[in-house]
Amino acid sequence: MSITTILSAIDSFIWGPPLLILLAGTGLYLTLRLGFLQIRYLPRALRYLFQRDANKGKGDVSSFAALCTALAATIGTGNIVGVATAVQAGGPGAIFWMWLVALLGMATKYAECLLAVKYRVRDRNGFMAGGPMYYIERGLGLKWLARLFAVFGVLVAFFGIGTFPQVNAITHAMQDTFNIPIIITAVVVTLLVALIILGGVKRIATASSLIVPFMAIFYVSVSIVILAINYDKLPAAIELVIHSAFEPQAALGGAVGFTVMKAIQSGVARGIFSNESGLGSAPIAAAAAQTKEPVRQGLISMTGTFLDTIIVCTMTGLVLVITGAWSNPELAGASVTNYAFAQGLGTSFGATVVTIGLLFFAFTTILGWCYYGERCFVYLVGIRGIRLYRWIFIILVGTGSFLTLDVIWILADIVNGLMAFPNLVALIGLRKVIISETKDYFERLKNNQRDLDEIPS
């Protein structure tokens, strides 16, 4: 029995009905109890992104920089390679399930980032430390579960989202598009990563704040151009996405291998891989935000899921469907999206756009996940372990280019799923805190039309 077969069996078990129900159930419960907050207050949340806090609270970086750090970790290969993998495995219907998991995931992301600010502490270096390990320990009183989450967080940083899928995607895309040898790209990426992460969270946040907004706008703009050029195919593509989410055999002309369960599994797994709602990663970045209002930061953080999946993943998915690239059995990974963009624009420049987007998205994901894993590592061993962690991370970045794509994605899915379990248990256990904090915040807004971050010193 091959290692791939063994890992596939483990992956299917972890991402089976229990985790899917727990993820969807937690998001649905929070959505209902918070009164569809992610829809009602999305305009306010987006407005907060561009407002400067008049009275910054304790924190290391601005709320916008904290969001960009989180987006750096989420907008990556999942938006380009992951969407292609999901659609090829589950059919266009997988996109619909990505939308649904993102909608529910916005409530989950809001709740976990609210808790991150509420239960954060300062470490011995003077930096803010927070995230699931802290709200599990300080909120639930379950230190063993907090440590388990931290262990899984380090594993995701080392062997999941943080290194292998990103570096592998970068190096192979550069080889396919520009004929640059994998070893050269691997060395350059490793050196750049080392240069930035050895400078700590502020350097990571600065790099993310510069790269993420620019690349997201560029990638989405090109996608919109392709959809505009092929506007006549768009209605049929959307209809196919919705129809094949529930009746894939009928929608795809009796295509063999596509089932509703496969569409759900592919869409949910890749959606979670992309936006990370429920994994407990974004709260680690949110905890560093300069704010006094847990709810405010929760609202800002939930826009990350909206931007990542509802906007960026949707762009990729629709381009794949209208060009038919998803159904080409000879293509895999980034080459599927390269082909789709080239077909959509009618020029090889489309493939260049994907490669450049992949390069920057994946690079910033490496930076964001280095920070996440470091915070988990520090929780386990203390600040003395920071330098050791960073050097191990750098070494793993250097070796990620030489693993096979199938093993990389399966391994990433496994450790992602393991990380989600403790965090979702914490969200359920602290649901009354989430609801109480939310109610208090909006009652104050209703009475005073302002929050603590808007009150001048």
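**Entry 1: ground rules.** I am working with a predicted model, in which local features need pLDDT of at least 70 and side-chain atom pairs count only at pLDDT 80 or more, while totals for chains, interfaces and linings use all residues. I number residues from 1 along each chain as its sequence is written, and side-chain values use heavy atoms, with hydrogens and water left out.

**Entry 2: salt bridges.** I counted a salt bridge where a side-chain nitrogen of Lys or Arg is within 4 Å of a carboxyl oxygen of Asp or Glu. The search of the whole structure gave six salt bridges.

I looked at Glu374 in detail. Its side chain meets that of Arg390 in a salt bridge at 2.7 Å, N to O. Glu374 lies in helix α19 (residues 349-381) and Arg390 in helix α20 (residues 386-399), so this pair ties together parts 16 residues apart in sequence. Helices here are DSSP runs (H or I, at least four residues), and strands are E runs of at least two, numbered from the N terminus. Glu374 also forms a salt bridge with Arg375, at 3.9 Å, N to O.

For burial I used relative accessible area: buried is under 20%, exposed is over 50%, and partly exposed is in between (1.4 Å probe, protein chains only). Glu374 and Arg375 are both buried, and Arg390 is buried as well. Asp123 joins Glu374, Arg375 and Arg390 in a network of salt bridges.

I then turned to Lys118 and Glu437, whose side chains meet in a salt bridge at 2.9 Å, N to O. This pair links distant parts of the chain, with Lys118 in helix α7 (residues 93-118) and Glu437 in helix α22 (residues 431-448), 319 residues apart. Lys118 is partly exposed, at 35% relative accessible area.

**Entry 3: the cavity.** Rolling a probe the size of a water molecule over the atoms shows where empty space is left. I worked on a 1 Å grid over the protein atoms alone: a cavity is a set of points where a 1.4 Å probe fits but cannot get out, a pocket is an open set with protein on both sides within 12 Å along at least five of seven lines, and lining residues have an atom within 4 Å of a point. Grid points are joined across faces, edges and corners, and a volume is the space filled by probe spheres set on the points.

How many cavities of 30 Å³ or more are there? I found one. The largest cavity has a volume of about 60 Å³. Its lining includes Leu23, Val101, Thr108, Ile272 and Ser277. The elements that give two or more residues to this lining are α2 (17-33) and α7, and α7 gives the largest share, four residues.

I sorted lining residues by class: Ala, Val, Leu, Ile, Met, Phe, Trp, Tyr, Cys and Pro are nonpolar, Asp, Glu, Lys and Arg are charged, and the others, Gly among them, are polar.

Entry 4: I counted 16 lining residues, of which Leu71, Pro213, Ala216, Ile217 and Leu307 lie nearest the centre. Two or more residues each come from α4 (42-49), α5 (63-74), α12 (201-229) and α17 (294-323). The largest share, five residues, comes from α12. By class, the lining has 16 nonpolar, no polar and no charged residues.

**Entry 5: helix α11.** Val188 is in helix α11 (residues 182-197), and is partly exposed, at 42% relative accessibility. Ala186 lies in helix α11 too, but counts as buried at 3%. Ala186 and Ala288 are 102 residues apart in sequence and 30 Å apart in space, C-alpha to C-alpha.

**Entry 6: positive phi.** Asn179 is not a glycine, yet has a positive phi of about 55 degrees. I placed Asn179 in the loop between α10 (164-178) and α11, where it is exposed at 65% relative accessible area. Glu276, also not a glycine, has a positive phi of about 60 degrees. Glu276 sits in the loop between α15 (260-275) and α16 (282-286). Is Glu276 buried or exposed? Glu276 is buried, with a relative accessible area of 0%.
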